[in-house]
Every structure is written in structure tokens, then in C-alpha cells.
Amino acid sequence: MKGIIAIIKKEFARFFLDRRMLITTILLPGILIYVVYTLMGSVVSGLVSGDSQYAVAVKNMPQSLSPLFSTVQQLQITDADGNDDDYKAQVEDGRLALYVVFPEDFDEAIADKNDPAFQTLQIEMWYNSADENSSLAYSLFVGVLDAYEESIANLFDVKDGGYDLASDASVTSYILSAVVPMVLLVLLFSGCMAVAPESIAGEKERGTLATMLVTPVKRSHIAIGKIVSLSCISLLSGVSSFLGLILSLPNLMQGAFDGFSLSMFSVGDYFMMLGVMLSTVLLLVGVISCVSALAKSVKEASSYVGPLNIIVIVVGLLSSFAGGAASPLLYLIPVYNSAMIVTDIMALSVSPLAFALTMLSNIVVAGLLVFLLTRMFNSEKIMFNK
Amino acid sequence: MDIVLSVQNLKKQFRLSYKQQKLQNTDKKVITAVDNLSFTANRGEIFGLLGPNGAGKTTTLRMLATLITPDSGDAFVEGYSIVKEPDKVRSRIGFLTGELKLEDFFTPNYLFNFFSELYGIEEGVRNSRKRELFSRFGIDRFAEVKLANLSTGMKQKVSLVISVVNDPDFIIFDEPTNGLDVLTAKTVTDFLLELKAQGKTIILSTHIFSLVEKICDRAGIIIDGRLAALDTVSALTAQKNLEDVFFDIYAARQGGAQ
């Protein structure tokens with residue numbers, strides 16, 4: 001036991017006293033994710049809602065439509081009475097966002113819409129799809145036209161746009177449960193990847209692991225000490241990234257995500273979340289440590305771990321598609337179970353049995369990995385292969 | 001006489017990869033690094049293992065330190081088998097070799113404490129030993145400096161101190177003066193003699209003949225994994241100096257082999 005504690009203390013000292021490692025592994029991921037997603041959110045919302053105005057030239061503006069367009073402030077509409085080609089040239093070189101030509105007797109023709117001889121009217125529009133402003137002006141304009149068309153030929157409506165019975169909480173959790181598990185797995189994995197190869201393959205490469213192996217401390221204690229301490233550090237890194245992600249979600253989704261609040265989860269949900277994350281990290285660190293022990297250098301270890309990362313991403317994706325699990329036995333599959341249980345927690349529909357099976361399975365597999373790592377520490381072929 | 005180390009028919013073979021076979025220009029898939037080696041070391045003596053590079057010295061010492069296991073044969077340290085009771089052997093020995101490194105990130109003070117903890121040494125005992133050893137080697141001034149920032153000589157002194165952190169009665173030194181300047185080398189050899197004076201048993205591997213002549217009580221000459229000579233240093237050097245004795249044995253071996 002003393003050996004385990006000594007190893008854990010050493011790993012913590014190695015990590016927490018090294019300011020560079022602390023910043024790059026724990027602080028930066030969370031902050032970066034938060035900043036990047038927030039920036040992305042504000043850029044996207046700037047595109048959608050922005051205050052920019054688009055110059056639109058309209059020929060033969062019908063009287064019936066002109067009040068409708070005046071309510072759309074982004075469209076600066078001017079009457080066009082010149083040559084079509086001039087306006088087209090202006091749209092092409094970006095001075096004008098959009099050029100529209102209505103048929104001359106638009107209103108009169110619409111008034112006769114029930115006449116059997118009525119022919120669909122043609123409105124001509126010129127825009128530049130390579131120019132963002134022009135595209136947006138085009139969409140806005142077409143939107144107004146569609147609304148008008150609907151209003152004059154109105155046969156039925158969905159009253160008030162329908163009544164959504166979902167609470168804000170369930171909408172939010174539906175979105176979260178689709179996205180979060182995969183992202184969470186990836187973040188946890190990258191946290192583990194940042195510390196485990198360095199601590200196992202790195203120590204082997206530098207010859208410092210061998211120094212520990214000549215002391216009477218048990219190999220199994222070294223393995224447990226390493227996996228426990230590395231898991232704690234990886235978990236911190238994962239939690240940091242995860243917080244960055246969750247906190248930036250409202251900024252990223254802007255208006256589209258109004259119902260979002262972290263308060264919809266109970267304290268129990270958060271504890272379950274933490275439990276799943278810890279057991280998953282134990283497992284991932286175990287796998288990465290064993291793979292790293294096989295490698296001769298940190299570089300080699302990283303190249304071995306790369307493909308594992310892809311597997312984790314695929315498993316995370318699978319769980320998003322799979323939806324509710326058919327059999328509780330599926331919760332015994334490591335990594336996949338973590339993704340599913342996170343989905344369940346986010347969807348506010350986690351079953352205690354599934355949670356217990358997940359924890360049990362992850363911890364048992366992590367235990368097996370500790371055993372395997374111990375065997376590897378004992379093997380001179382693996383520890384001293386030059 | 002009190003036998004501390006008894007090596008019995010120790011044998012170790014290494015498999016050569018195809019690449020290694022090509023490099024060494026040989027068809028042999030297996031090389032024998034240590035071949036039926038037997039010798040003993042008595043309490044309170046410095047036993048020298050002398051041999052050219054690749055003779056099997058380091059492999060022998062690594063087996064004694066339980067880092068690798070012999071293919072056959074066994075060795076007993078204070079009666080404990082290196083094969084069956086490696087844990088007991090580990091807690092009774094000190095091992096200094098170039099391939100065991102200390103983490104550059106830590107300070108001598110931290111490392112001493114860490115390894116003391118791994119050996120389960122009490123804090124009081126640890127602190128007094130640390131004070132004594134650090135001042136003996138002048139490490140005290142650098143106790144809180146990261147290893148990465150220390151000179152080669154100072155690093156070797158720290159390694160030396162850490163290797164005897166558990167105050168072992170049986171110490172294995174693999175080329176302890178390699179790469180050191182004469183002053184630092186002297187501190188190391190003085191320390192070996194001091195340990196001997198305390199009644200400790202030391203196994204020393206080296207290819208420096210003068211070192212063996214100066215400090216060893218007995219010496220074994222290893223060539224190609226086999227013991228070519230074993231006697232007290234005074235008996236070995238009765239007629240010629242050790243270097244000439246070695247050349248004679250080596251020439252005889254080569255002659256015999258051809």
C-alpha cells in the first residue's frame with residue numbers, strides 16, 4: 001500500500017509541479033474549447049442576424065408588396081428604371097446585392113387569379129451566389145414573396161404553428177444526448193493520451209522505470225499507482241474540456257438553444273456523470289498504459305495509440321445512432337456502455353441497473369488491465385527490449 | 001568465511017533478431033551471454049568482475065539485481081534466491097548502473113525521499129541518512145536543484161547515494177566510474193572502500209584494470225560469458241600486472257578456440 005501511495009504522490013508531483021504540463025493538459029483544453037466555440041457561435045449568429053443591409057433594385061414594384069418589403073429592414077429597396085444590363089453588372093461586381101424585375105401588371109394579374117385563363121406570373125431575379133450578401137438578400141426577398149403568395153392563396157393553417165408539449169428541459173437534453181457522448185469520449189481519450197504514453201513509455205525510454213523495478217516495491221503496486229494517478233490527471237483534463245464544451249454550448253447555439261440550462265440535471269445526475277467518466281478514464285488509461293508499455297519510446301507509443309482513438313470515436317458515434325439499448329447486457333461492453341450511459345443521463349432516463357452494469361464492467365476490465373500491466377512490468381522481454 | 005553471494009551455474013541466452021544476425025555477421029539465432037557462471041563473494045570484500053565489452057558482466061549483474069531472470073542456474077544473496085524470491089533480494093541490495101536513470105525533473109532531495117519510501121524506510125532514519133550522505137558527497141548545496149541542471153559528476157553522485165538509500169549490505173556497482181573525471185572517480189572509489197570498511201560486500205564490474213588492482217580483494221575474469229580466472233587480486237598479480245595477466249588469459253582462450 002505504501003508503495004502505491006508513493007508512486008501516486010510521485011506522479012502527481014511530476015505533473016502538478018510542472019507548470020508547462022499543467023497548463024497544456026488541464027487549463028488550455030477547456031479554455032481553448034470555450035473560446036473557439038464561443039467565437040464560432042458569435043460569427044455564425046452575426047451572419048444570420050447581423051445588422052448589415054443589402055441594396056436591392058426592384059423594377060415595377062407592385063403596390064401590394066411594397067408595404068411588406070418596407071418592414072424588412074435589411075433590404076434597402078430602390079426603384080429601378082434604367083437599363084437591365086447596368087443593374088446586372090452592378091450585381092456582378094457587388095455594388096448591388098440583388099436586382100428584381102416584376103411583371104408590369106403584377107397586381108392586376110393577381111387579382112384575376114381565379115380566372116381559368118390565369119397563367120403563373122414570372123418574377124425575374126439576378127443575384128450572385130458567390131457573394132454572401134447577395135445570397136442572403138436573395139433568400140430574404142424570396143422569403144417575403146413566399147409569405148405573400150401563401151397569404152393570398154390561403155386554404156388552411158396550422159394554428160399557432162402547433163403546440164410543442166416538450167418541456168425546455170427535454171428539448172435540451174435531446175440535443176445534448178445526441179452530441180455529448182461522442183464528444184465526451186473523444187475528450188476523455190485525448191486527456192488520457194496526453195499523459196499515459198509519457199508516463200509509461202517515456203519512463204521506460206529514459207530508464208527511470210527500471211530504477212523503480214530494482215526496488216522491492218511490487219510490480220502490481222507500480223501498475224496500480226500509475227493507473228490511478230494517471231486516471232485522476234486524465235479525468236481533470238477531460239473535465240476541463242467538458243466544462244469548456246458545456247459552458248460554451250449556449251454561446252455556440254445562440255438563440256437556437258434558449259431552453260438550455262445546466263440546472264435541469266440533479267446532483268445525482270452530476271455524480272453519475274462523474275462516476276462514468278472516472279470508470280471510463282480508468283479503462284482508457286489502462287489500455288493506453290498497456291499499449292505504451294509495449295512501445296520503446298513515447299513516439300512509438302503515440303503511433304500505437306492513434307488507431308485506438310479512431311475506434312473510440314466510432315464507438316461513440318455508434319451509440320448516438322443506436323438510441324435506447326435493447327438489452328441491459330449491452331451495458332457490459334466497455335466504452336460503448338459509457339457512451340450509452342452518458343446518452344441516458346443527458347436524456348434524463350438512466351436506469352440504475354444500466355448504470356451499475358456500466359460501472360462494474362468498466363472497473364472489472366480496468367482491473368484486468370492492471371493485472372496485464374503488472375505482467376508486462378515483470379516481463380524482461382517487454383521492459384528491456386532494445 | 002561468511003558467504004554473502006553464491007552464484008551457481010548461471011546461464012543466460014539472448015535471441016538474435018534477423019537484423020542483429022546481419023549486423024553481427026552470424027547465422028546463430030541465439031547467443032550465450034553468460035555461460036555456466038559460478039563464483040562466490042564473501043562478507044566484507046570487494047569482488048571485481050573484469051572483462052572486455054560484451055563479455056557478459058552487465059548481464060550477470062542484471063540477473064543478480066533481479067532485473068532479468070537466468071535461463072538456468074541460480075544465485076543466492078544472503079541465502080535468498082534471485083529466481084524464487086526476487087522481492088527479498090531487491091530489498092537487500094543496492095544496484096548502481098548506467099542504464100538505471102533518475103528523473104531529471106526532480107531534485108536530489110525529492111528523489112531520496114521517494115526511493116526511501118519505496119524501500120519503506122522510516123522518516124527519522126531517512127533524514128539522518130540523507131543528511132550524512134548528502135554532506136559526504138557535497139550534494140547538500142544542490143539538494144533542491146533539479147537533476148537536469150546538475151553536472152554529470154554531481155548526477156553520478158546522486159545516483160550513487162540513491163543506490164544505497166536502503167543501507168544495503170550487498171551492493172552491485174556496474175562501471176561506477178565510467179565517464180567521470182579523476183576527482184569524481186576518486187570520490188566514488190573512496191566511497192567503495194568506506195563501504196567495505198563498514199563490512200559491506202561489493203560486486204564491482206569494470207574494464208579498468210588499475211581500479212581492480214587498487215580496491216578489489218578478489219577478482220574474476222570473464223571472457224565470452226565464462227569465468228576464465230578467479231583468485232585473490234594479490235595472487236593474480238603475483239608475477240605480472242593484471243593487464244598482462246588478462247592478455248595472457250585472453251590469448252590462451254583465443255588460441256584454444258581456434
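User: Under what relative accessible area does a residue count as buried, and is A:Cys290 buried or exposed?
Analyst: Buried means under 20% relative accessible area. This is a predicted model. In it, A:Cys290 has a relative accessible area of 6%. That value falls under the 20% cut-off, so A:Cys290 is buried.

User: How many disulfides does the structure hold over all chains, and which cysteine has the sulfur nearest to that of A:Cys192?
Analyst: Over all chains, the number of disulfides is 0. A:Cys192 is thus in none. Its nearest cysteine sulfur is 11 Å away and sits in A:Cys232.

User: What is the relative accessibility of A:Cys192?
Analyst: A:Cys192 counts as buried. The cut-off for that is under 20%. The value for A:Cys192 is 0%.

User: Where in chain A is A:Ser240 found, and is it buried or exposed?
Analyst: A:Ser240 belongs to helix 9 of chain A, residues 219-253. Beyond its neighbours within four places in sequence, it is in contact with A:Ile26, A:Leu27, A:Pro29 and A:Gly30. Its relative accessible area is 14%, so A:Ser240 is buried.

User: How much area do chain B and chain A bury between them?
Analyst: On chain B, 24 residues are in contact with 26 residues of chain A. Carbon and sulfur atoms carry 63% of the buried area. The total is about 2,400 Å².

User: Which residues of chain B lose the most area to chain A?
Analyst: Together they account for 25% of what the chain B side buries. They are B:Glu103, B:Phe105 and B:Leu118.

User: Which helix supplies the largest share of the side of chain B that touches chain A?
Analyst: Helix 3 (86-92) and helix 4 (108-118) of chain B each supply at least two residues. The largest share is 5 residues. It comes from helix 4.

User: How many residues on that side of chain B are nonpolar?
Analyst: The charged residues number 8 and the polar ones 3. The nonpolar count is 13.

Key:
Residues numbered from 1 in each chain as written. Chains lettered and ligands numbered in written order. Predicted model: local features only at pLDDT ≥ 70, side-chain atom pairs only at ≥ 80, totals over all residues. Heavy atoms only, no water. Contact = heavy atoms within 4.5 Å. Buried area = accessible area lost by both parts, 1.4 Å probe. Helix = DSSP H or I, 4+ residues; strand = E, 2+ residues; numbered from the N terminus. Nonpolar A, V, L, I, M, F, W, Y, C, P; charged D, E, K, R; others polar. Buried < 20%, exposed > 50% of the residue type's maximum accessible area, 1.4 Å probe, protein only. Disulfide = S-S within 2.5 Å.
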